Amino acid sequence: REGWEPAGAPTLGAAAWDHFSAVCFLTAREIHDALGGTVPIGLISSNWGGTPVQAWERNTGTLYNSMIAPFALGPMALTGVTWYQGEANVGSASYYHQAFPAMITGWRAAFASPTLWFGFVQIAGYGYSHPFGHQQCEQDHSWAAGDLRQAQLAALALPNVGFSTAVDTGDWSNIHPPDKQNPSRRLAMQALVQVYGKKIPEADFPVYAKSSAKSTSGGVAVTVAVKGSLTGEPIRLTATAPQAAVQSTTLGEPGSVPRNECVTMLGYPRLPCDCGYPYIYGKLPNGTALFLNASASVGADGTSIELVAAAPDGFEATASSYGRASWPMTLFFSEKGGNPLVPWYANFSTTNPWDPPALAADMRVPAVAALLFF
């Protein structure tokens, strides 16, 4: 049994940061400072790297039973939980889409807190499309990473759930990206809005709202409406990237892959399937399925995205995607706060941002997980 200790270098693991979750501490510090240092915050870091969501499901998960259930005896009173996991479930987005919200609901029941705040971080950009060291990226693996990010958003269907994303702050060659500050800052703002009632327009993430398609001369155009993840209202966009989205992935160390550029590995060719460029999906009159590379721009209203692609005669558009890849380019951001437009895959009847397409294969890669109680 461990007692409470003041936060400090010895507690966190000093420069190696090997005793405590960085996202846990940094999120809490942001909240503490924003509240003027007047609200005491206690942290419990209960985590195990490289684990799938199944291990944390109530009653059936081995890590839930050993690392979460003891806190539910009583139960301990919590203000919120922060979740940093998902990499181990890349390739099983359809399962995660169901299991993740169910896990949250189960934890809330265990802690007798039906609206316990739950905040999660979307998995970071990383080279998932090269799981076996191949120089040519593999489309299925790349899409699988994007689809897992989208499946994570299914938790937003529950009340009092917030999120952050590391899609624009990752490291192509390191599944443990060093930039935990930006995802933590974003997550803290969501908690400040949802738990503490603060008014922070910069906390909102632009997410998919709805879309429609029309034929053009020699092509097809798709209009995607965008809304705020917290407000549900239209949110203004810009193509100007903030510093966090363009700095080096290793925060200045020589030889690192730059963020927000279509690269797969230094010295390798640039491969669009790794980079999440916008696509328009559809079919020809004979039933042949196609996906078309599309150009993208902010719509005239400032709150939508326009996708345009050349298309063969008779092409019928059925869906669109943006950033559906292992190392997606983040092209658009919220005007207030600079939060990245959250990637999507959606057909034209979809009005929420979290339904992933079914995958033919179930592919596995390593993962990390970090939990925060406060």
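Predicted model: local features only at pLDDT ≥ 70, side-chain atom pairs only at ≥ 80, totals over all residues.

Biologist: How do you know that the length of helix H6 agrees with its 14 residues?

Modeller: H6 covers residues 181-194, and its 14 residues should span 20 Å. The end C-alpha atoms are 20 Å apart, so the two values agree.

Biologist: What makes H6 mostly covered?

Modeller: Buried means under 20% relative accessible area. Ten of the 14 residues of H6 are buried. Among them are Pro183, Arg186, Leu187 and Met189. The buried residues pack against helix H2 (22-34) and strands S1 (80-84), S2 (117-122) and S3 (161-165).

Biologist: Why is Asn339 called buried?

Modeller: The cut-off is under 20%. Asn339 has a relative accessible area of 0%, so Asn339 is buried. Asn339 sits in the loop between strand S12 (333-334) and strand S13 (344-347). Leaving aside neighbours within four places in sequence, its contacts include Arg186, Asp204, Phe205 and Phe333.

Biologist: Why is helix H4 called roughly parallel to helix H5?

Modeller: The axes of H4 (residues 93-110) and H5 (residues 139-152) cross at roughly 15 degrees. Angles under 35 degrees count as roughly parallel, so H4 is roughly parallel to H5. The crossing is right-handed.

Biologist: Which residues make that contact?

Modeller: H4 gives Ala93, Tyr96, His97 and Phe100, and H5 gives Asp147, Leu148, Ala151 and Gln152. By class, five are nonpolar, two polar and one charged.

Key:
Residues numbered from 1 in each chain as written. Heavy atoms only, no water. Axes fitted to C-alpha atoms, helices over the stretch in contact; angles between N-to-C directions. Helix = DSSP H or I, 4+ residues; strand = E, 2+ residues; numbered from the N terminus. Parallel < 35°, antiparallel > 145°, perpendicular 65-115°, else oblique. Left-handed = near helix turned anticlockwise from the far one by under 90°. Contact = heavy atoms within 4.5 Å. Nonpolar A, V, L, I, M, F, W, Y, C, P; charged D, E, K, R; others polar. Buried < 20%, exposed > 50% of the residue type's maximum accessible area, 1.4 Å probe, protein only. Expected span 1.5 Å × (residues − 1).
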